[in-house]
Amino acid sequence: MTSAGDRRRRMSAFFRRVRSVARSDQLGPGWITGAADDDPSGIATYSQGGAQFGLGLTWTLVLTFPLMAAIQLVSAHIGRVTGRGLAFNMAKVMPHWLVISLVLMLFIANTINVGADMSAMGAAAELVFGWGQHTFTLVFAAISLLLQLFVPYRKYARFLMVLTLSLFSYVALVFSLNVDWSAVGLSVIGATAVFSKDAAITVVAIFGTTISPYLFFWQSAQEVEEVAHHPGERPLLEDPDEAPGAFAHMRIDTILGMALSNLVALAIMISTAATLHAAGKTDIATAADAAQALEPLAGRFAFLLFSLGIIGTGLLAIPVLAGSAAYAVGDTRGWKMTLDDKPWEAVGFYSVIGIAVILGLAIDYSGIDPMRALFWSAVINGVLAVPLMVAMMVVVGSRKLMGQFAAGIGLAGLGWLSTAVMAAATIAMIWFSL
């Protein structure tokens, strides 16, 4: 039988390995994408799922892991092979008006998500200090915008990832609670799945915050920038001999990033099921409600631990949200785009980022509670993901665009399966709602 001391030593060793990776200069697009995926919207959605339905929806996170990894690999594949972003490639195989419409919907969804994230960060800070949600929201918006404008994202992303290590408190919490692991085992295979209108909406939110449209555009663009950052590297269409090594690195980077993201997500859902749901708290209306799940582990420091996670992931995710919208708009306009450029070197690109952040501030003054705004932004992302995934699969399967690197049976099959699952979830939500 494993002693409590042995468990603590194993957990300590695990955290040391994670910190070592977070400090590494070798963080790839997939790893950073996975970290950014557990943003405040994800934390709120997984917490609501666990609080409202207990273990009844944990199967969604087992299902989303291979689907999420596949669709992010599709995104990375397109960027690395062609040396151009998603919107540029979509415009090659789809009507221009349709691409513009999809990009506009992405910008609107991302702006709502940016606003919800910033508002949640302000609410999290208020938990600790007892005042100033709007003030803190403005401060975080200014910090995020200034960092995006004047500091290359990769230089500060790894430092922000240290803050996001607070999310592993949910992993520690799971092992400190009296969890019924046989019930968890049944739930993750869907044996205790819940079917209702509210469950269908929450499933779309979980899918939408896990398999998120903004991450598609972000990872593809970052693969393009990876080539630009390494002298001598070229898109695989121009240098096919590099394909085996490039694809192997991309798979490892992406799969590890997605595994990390889903591990944290599953831990959040199990821990909130074992704490909030078990105590009869089935509706998370405020940041304080969500933070209560950490009380068995952190006691009076629960609010601080929760706030660190929200603020760290928010500062990590906002540049990804705003940046992915800027990449998408810039691709359709032919702009020069890189987060390493100064604002005066890429005016259009940084203008889109600034507009997304400034418009997002309206969420904080809308009267909508941040936790609810985060949840519904996830639902919006779940619905928007479907047409974007269809467009991506058309691109990655195109011999005209991808040449010999058009997706094979394995990647194409998993990509289309991901698309079908997202579409089925959206249809089920609409069906139950009617």
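Glu 225 lies in helix H12, which spans residues 213-229. Helices here are DSSP runs of H or I with at least four residues, strands are runs of E with at least two, and both are numbered from the N terminus. The model is predicted, so local features need pLDDT of at least 70, side-chain atom pairs count only at pLDDT 80 or more, and totals for chains, interfaces and linings use all residues. Residues are numbered from 1 along each chain as its sequence is written, and side-chain values use heavy atoms, with hydrogens and water left out.

Glu 225 is buried, with a relative accessible area of 5%. Buried means under 20% relative accessible area, exposed means over 50%, and partly exposed lies in between (1.4 Å probe, protein chains only). Residues up to four places away in sequence set aside, Glu 225 touches Tyr 327, Met 337, Thr 338 and Leu 339. Contact means heavy atoms within 4.5 Å. Ser 220 also lies in helix H12. Its relative accessible area is 0%, so Ser 220 is buried. With residues up to four places away again not counted, Ser 220 touches Ser 75, Ile 78, Gly 79, Arg 84, Gly 85 and Leu 86.

The chain as a whole has 20 helices and zero strands. Buried residues make up 59% of its 434 residues. Of the contacts between residues at least 6 apart in sequence, 84% join residues at least 24 apart. The chain exposes about 17,100 Å², and carbon and sulfur atoms supply 66% of that area. Accessible areas come from the Shrake-Rupley method with a 1.4 Å probe; for residues, only the protein chains shown count as cover.

The largest nonpolar core holds 138 residues, of which Met 90, Phe 216, Phe 217, Phe 306 and Phe 349 touch the most other members. Helix H18 (residues 370-396) gives the most to this core, with 16 residues. A nonpolar core is a set of buried Ala, Val, Leu, Ile, Met, Phe, Trp, Tyr and Cys residues joined through side-chain atoms within 4.5 Å. Beyond its neighbours within four places in sequence, Met 90 is in contact with Val 99, Phe 217, Leu 388, Ala 391, Met 392 and Val 395.

Val 395 is also among the contacts of Met 402. Met 402 is found in helix H19 (residues 399-402). Its relative accessible area is 0%, and Met 402 is therefore buried. Met 402 and Ile 78 are 324 residues apart along the chain, yet their C-alpha atoms are separated by 7.5 Å. Helix H9 (residues 169-176) is mostly covered, with six of its eight residues buried. These are Ser 169, Tyr 170, Val 171, Ala 172, Leu 173 and Val 174.

Aromatic rings were examined next. Rings of Phe, Tyr and Trp (its six-membered ring) pair if their centres lie within 6.5 Å; planes under 30 degrees apart count as stacked, over 60 as edge-to-face and the rest as tilted. By this rule the count comes to eight aromatic pairs. Phe 349 and Tyr 350 form an edge-to-face pair, 5.2 Å centre to centre with 80° between the planes. Phe 349 is buried at a relative accessible area of 0%, and Tyr 350 is buried at 4%. Phe 375 and Trp 376 form another edge-to-face pair, 5.5 Å centre to centre with 90° between the planes. Phe 375 counts as buried at 11% relative accessibility, whereas Trp 376 is partly exposed at 46%. Phe 129, Trp 131, Phe 136 and Phe 140 form one aromatic cluster.

Charged side chains complete the description. The charged end of Arg 84 sits over the ring of Phe 88, 3.7 Å from its centre. A charge sits over a ring if NZ of Lys or CZ of Arg is within 6 Å of the ring centre and within 35 degrees of the ring normal. Arg 84 is also one of the residues that Ser 220 touches. A search of the whole structure finds one salt bridge, defined as a side-chain nitrogen of Lys or Arg within 4 Å of a carboxyl oxygen of Asp or Glu. The side chains of Asp 239 and Arg 234 form this bridge, at 3.8 Å from N to O. Asp 239 counts as buried at 12% relative accessibility, while Arg 234 is partly exposed at 38%.
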